Amino acid sequence: MVGLSAGEKHFIYGGIAQDLRTDGRQRLHYRPISVEIGVIPQANGSSRVRLGATDVIVSIKAELGRPSSLHPDKGKVAIFIDCSPTAAPMFEGRGGEELSSELSLALQRCLLGGRSGAGAGIDLSSLVIVEGKVCWDLYIDGLVVSSDGNLLDALAAAIKVALCNTGIPKTTVNLGASPNDQPDVDVSDEEFLQFDTSGVPVIVTLTKVGRHYIVDATSEEESQMSSAVSISVNRHGQICGLTKRGGAGLDPSVILDMISVAKHVGEQLMSSLDSEIAAAEASAEDQ
Amino acid sequence: MAAASTAGGSGGGGGGAGGFGAGDMEVEAYRRLFPLPFYERYLQNYVRPDARPLHRARDTSVALGPIASAHGSSSVKIGDTTMLAAVKLEVMTPSAEAPDEGSLAIEFHMPPICSPTVRPGRPADVAPVISKQLSDVITSSGMIDLKELSLISGKAAWTAYLDIYCLNSDGSLFDAALLSAIAAFSHLQIPLVSLNDDGRVIAVSGEQLENNSTIELVNKEKRKLSFQSIPFSLTCVLHNKYILADPTAEEESIMETFITVVLDSMGRLVSFYKPGGSVLVHSSTIKDCISLTKQRMEELQNILEDSTSAMEE
Amino acid sequence: MATNPSTYSPSQSSERKQLQQQRRRLFQETDWTRFDGRGFQQCRPAFLKTGAASAASGSAFAAFGATKVIVSVFGPRESKKAMLYSSTGRLNCNVSYTAFSTSIRGQSSDHKEYSSMLHKALEGAIILETFPKTTVDVFALVVESGGGDLPVIITCASLALADAGIMMYDLVSSVSVSCFGRNIVIDPTSEEEACQDGNLMITCMPARNEVTQVTLTGEWSTAKINEAMELCLDACSKLAEIMRSCLKEAASAPS
């Protein structure tokens, strides 16, 4: 928890009302974002994203698995987020569990689409090797190293970057003699396929403080929020997920207003992420 | 509730405490502070605070088939104690020792909604005890012939999963649970099944049967269980010379000695349970409890018959 | 418990799968009829009743089609010993399913996700200041699951809170819609939910015109969100009317 004096609270409220926040940003400005890729060599893809003092790492591993009987033509994706005790003292012991599961759930909702698989950010059918028999299981693990607000946006951005960085090994399949046999799969350790990440959305969280809402709130600002709406937007301007936190109710028209703002901010965030990824890839190649 | 009962215990021990302040205290406060003296005043007149005579059970009702998705289900109300029971059948391979028998799996649940004392993550202590008692009584009474659950000897048999949920707990949980179990089994309709090409048992709907007369049914005759004898139970709470049939939760918490008698429909004793308690029992009391159970059994048989005929109408 | 060797349900799984694929194809078309004969914008008939469980401070039972839920409210009562002092009251929510709630018998279990969603949907409506230092427990049991479980749980819980006399700003009602291709279908059943492209659930306090919780999955255009939200809000206010009349009836009935 953030302990703030009455004066500090007043300062935060007043700054937001006048569109000049305590760190000099405007209401709809993100903190500078920094991106690194390939931070975990043994993973298939990984990234580290920093938004101000918020610092998250995401690793992606691909393992061979069996498609579920309900969706034989689709691979599987599992998302787990862990809040490290180093990030905040309240994450110690089992303190971070609730937040961890909440974040995992929100990300799953935004990235994996509806029950039928429509609108999924990750194309699950590209993960199938032999229909009904073999597929890739993607394990997306996120770690919150340091927390200064807006974890969900940072994690979603980190997942997007890590997916760009992910190479899925090429496979050759020897079908067994009978159709009931489990086929042999040879996994190449030299050739990798790039993952199509064009559909992966970003998440924009709008935090309502007083009568206004802001993006990319710091934890000081989050402690003063009445409610927050996280909206995930993809490249085509479609909404892929929406969740709300905080007790206070919102007028329906405010939510619709937030959605249109999030679409606009999401576009900017997406393009700045794209250029950061390109820069990170270039520097990785230089080394 | 726990705090109230200890206060009552010391008050009762004092003897004179029953008279203390009774005149200038509100009835509800007196009931909470000195529950035992409060009850004793009623018992002297052979009546209980809910206006029942000592030996009468609360109003009991049975409804069959509340859960549409189960093969057999029932809901039972004894006073405010409410039980919901459902039977689901699944197919299993019978064990080598008993190749032509099915099996029963009985579980009694007390979800947090049923009582203020049950909290999520901390299951009630009595739930597994009642679970065990129920499966002991149902198996040992021989009510269900496990051979009737067999489909193909040595190959396939039914496992009947009986789940009983206590929706509201107000005393005599075992009696209500047993009654709901019996009602659910009497409502049980075994689905028609046949074998598919892989040797697995599959369900057959009536529609398929009409369209395709070649389907060979495995269990054309065995759609209902025939009961050999049905066990019925009555729990009584004992206090000094008084026997209180079908106690409420309040009565159970104040008077700690209780006896559960289970008789089957032929009048044979199936089970007798007296887990300690401060009252030591004469054999005459036991006889009284058994004859009370016999009376109760006739009531319950009528209620069950009524519920079945109400279902058929 | 007697541990049995593996058992299976005799209803054929491959057949069910075929049926589901068939349905999924059907749902993509613009015009189809729902299996229970409802229109796209027609909710299931709702049955609500308060005071089902006498052991609780307040309780409610809700049946929406095949979905049946019981909610009991306990308290306000003493908070757990380990809890720190709090000048406002606490709300504790738990949702569990019965073993026979779904068509395939499962283990009865707590539903962590729904528990936290229920908490978020209700906390904004309850005036926590009215019971400082104490806790109100809201426990829900899903007796049968027939689709749209969470909205039914939330609606039923708010009714149980009202029955328990817990102070609230307004009743909370909740409705969800499914999206299939271009169609929006209100109050889906579990068969429909299994094939949906997207889902939007809105929880609101109709008299104050405030949304306390909203979740959305799948890919939506803004215009479609507009349409779906309007549909939900309208259904929520109608549902709240039913809840109000249920409470009025309970209050005027001779006890």
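Trainee: Which strands does H2(C) lie across, and at what angle does H2(C) run to E10(C)?

Mentor: This is a predicted model, in which local features need pLDDT of at least 70, side-chain atom pairs count only at pLDDT 80 or more, and totals for chains, interfaces and linings use all residues. Residues are numbered from 1 along each chain as its sequence is written, while chains are lettered from A and ligands numbered from 1 in the order in which they are written. H2(C) lies across E12 of chain A together with strand E7 (173–180), E9 and E10 of chain C (helices, H or I of at least four residues, and strands, E of at least two, are DSSP runs numbered from the N terminus). With axes as lines fitted to C-alpha atoms, for helices over the stretch in contact, and angles from 0 to 180 degrees between N-to-C directions, H2(C) runs to E10(C) at about 135°.

Trainee: In what order do the eight strands of the open sheet stand?

Mentor: Strands pair here if DSSP finds at least two bridges between them. In general, strands of a sheet pair through backbone hydrogen bonds, either parallel or antiparallel. In this sheet the pairing is antiparallel, and the twist averages 20° from one strand to the next. The order is E10(A)-E9(A)-E11(A)-E12(A)-E10(C)-E9(C)-E7(C)-E8(C).

Trainee: Which strands stand at the edges of that sheet?

Mentor: Look for strands with a single partner strand. One side of each is left without a neighbour in the sheet, because each has just that single partner. They are strand E10 (212–215) of chain A and strand E8 (183–186) of chain C.

Trainee: In E10(C), which residue is the bridge partner of Ile239(A)?

Mentor: Strand E12 (residues 239–245) of chain A pairs with E10(C) in the antiparallel sense, over three bridges. The partner of Ile239(A) is Trp220(C).

Trainee: Which residue of E12(A) stands opposite Ser232(A)?

Mentor: Strand E11 (residues 227–233) of chain A runs antiparallel to E12(A), and six bridges join them. Opposite Ser232(A) stands Gly241(A).

Trainee: Which helix of chain A packs on the sheet?

Mentor: The helix touches strand E9 (202–209), E10, E11 and E12 of chain A, together with E10 of chain C. Its direction makes about 135° with that of E9(A). It is helix H5 (residues 252–286) of chain A.

Trainee: Which element gives the most to the side of chain C that touches chain A?

Mentor: Contact means C-beta atoms, placed from the backbone, within 7 Å. By that test, 35 residues of chain C are in contact with 30 residues of chain A. The chain C side divides into 10 nonpolar, 14 polar and 11 charged residues (Ala, Val, Leu, Ile, Met, Phe, Trp, Tyr, Cys and Pro are nonpolar; Asp, Glu, Lys and Arg are charged; the others, Gly among them, are polar). With 11 residues, the element that gives the most is E10(C).

Trainee: How many nonpolar residues does the side of chain B that touches chain C have?

Mentor: That contact takes 36 residues from chain B and 31 residues from chain C. Elements giving two or more residues on the chain B side include strand E3 (81–92) and strand E6 (156–168) of chain B. By class, that side has eight polar and six charged residues, and its nonpolar residues number 22.

Trainee: Which residues touch the most other members of the largest nonpolar core?

Mentor: Such a core is a set of buried Ala, Val, Leu, Ile, Met, Phe, Trp, Tyr and Cys residues joined through C-beta atoms within 7 Å. This one has 222 residues, and its largest share, 12 residues, comes from helix H3 (residues 151–164) of chain A. Touching the most other members are Leu155(A), Leu118(C), Val138(C), Ala140(C) and Ile153(C).

Trainee: Is Tyr46(B) buried or exposed?

Mentor: Tyr46(B) lies in the loop between helix H3 (35–44) and strand E1 (60–64) of chain B, and its phi is positive, near 55°. A residue is buried with 20 or more other C-beta atoms within 10 Å of its own, exposed with 12 or fewer, and partly exposed in between; C-beta atoms are placed from the backbone. Because Tyr46(B) has 10 C-beta neighbours inside 10 Å, it counts as exposed.

Trainee: What is the phi of Ala51(B)?

Mentor: Ala51(B) is found in the loop between H3 and E1 of chain B. Ala51(B) is exposed, because 8 other C-beta atoms lie within 10 Å. Its phi is positive in a residue other than glycine, near 75°.

Trainee: Where is the cis peptide bond that has omega near 5°?

Mentor: Look in strand E3 (residues 67–78) of chain C, where Pro76(C) is found. The bond runs from Gly75(C) to Pro76(C).

Methods
Contact = placed C-beta atoms within 7 Å.
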